[in-house]
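The sequence and structure come next.

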Amino acid sequence: MQEKRSTEELNRLIAECGDLDDALEEANSDITRISPSQRLNVLLVESKMEIRQIAQMAGLSTSYTYQIFEGVRVPGREAVLRLAFAMHLKPREAQHLLRIAKEGALYSRVRRDFIILFALEQGATLQEADALLTERGETGFP
């Protein structure tokens, strides 16, 4: 989970580093140190699910899902969201996973993203979230 840093601490990092790129790397070090597959494997243990089961619930091929968990493939935004629903992640954890995968975060000001965040918070399945998106005139999960 990403640690929140105070403005003072971030300013101290900038002053110590003397370089914006170094300061940004230090400030985001928890994201740069862990890969999507590493985080997914931690979540996999916590969920007590099997990769095959997650693949089925996410509507992803089993081989593609195994490649994601093995670190051979990096999931795109939609795949991360599918995995988040399959693994019953809360919005905060889904957001963290999106950042680690270097995919766009969900923004509550974007209507589709708001619906996805709402569905994650409610513990909806992928199918329920897809139906909710479609009912509201938004693009479902491809």
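## Contacts and overall make-up

A contact here means that heavy atoms lie within 4.5 Å. On that basis, take the contacts in the protein chain between residues at least 6 apart in sequence: 55% of them join residues at least 24 apart. The model is a predicted one.

The protein chain holds ten helices and zero strands. Read from the N terminus, its elements follow the order α-α-α-α-α-α-α-α-α-α.

## Burial and surface

The protein chain has 142 residues, and 40% of them are buried. Its accessible surface amounts to about 8,500 Å². Carbon and sulfur atoms account for 51% of that surface.

## The α5 and α6 pair

Helix α5 spans residues 51–58 and helix α6 spans residues 62–70. Their axes come within 9 Å of each other and cross at roughly 120°. Angles of 65 to 115 degrees count as roughly perpendicular and those over 145 as roughly antiparallel, so α5 is oblique to α6. The handedness of the crossing of α5 and α6 is right-handed.

Which residues make the contact? On the α5 side they are I51, R52, I54 and A55, and on the α6 side T62, T65, Y66 and F69. By class, the residues of this contact between α5 and α6 comprise five nonpolar, two polar and one charged. Arg counts as charged, and R52 is among the α5 residues listed.

## Positive phi in two loops

Where does K48 lie? K48 is in the loop between α4, residues 36–47, and α5. The phi of K48 is near 60°, a positive value in a residue other than glycine. Is K48 buried or exposed? Its relative accessibility is 75%, and the cut-off for exposed is over 50%, so K48 counts as exposed.

H88 also has a positive phi, of about 60°, although H88 is not a glycine. The loop that holds H88 runs between α7, residues 77–86, and α8, residues 91–100. With a relative accessible area of 51%, H88 is exposed; the cut-off for that class is over 50%.

Notes:
Residues numbered from 1 in each chain as written. Predicted model: local features only at pLDDT ≥ 70, side-chain atom pairs only at ≥ 80, totals over all residues. Heavy atoms only, no water. Axes fitted to C-alpha atoms, helices over the stretch in contact; angles between N-to-C directions. Helix = DSSP H or I, 4+ residues; strand = E, 2+ residues; numbered from the N terminus. Parallel < 35°, antiparallel > 145°, perpendicular 65-115°, else oblique. Left-handed = near helix turned anticlockwise from the far one by under 90°. Buried < 20%, exposed > 50% of the residue type's maximum accessible area, 1.4 Å probe, protein only. Areas by Shrake-Rupley, 256 points an atom, 1.4 Å probe, with all protein chains shown as cover.
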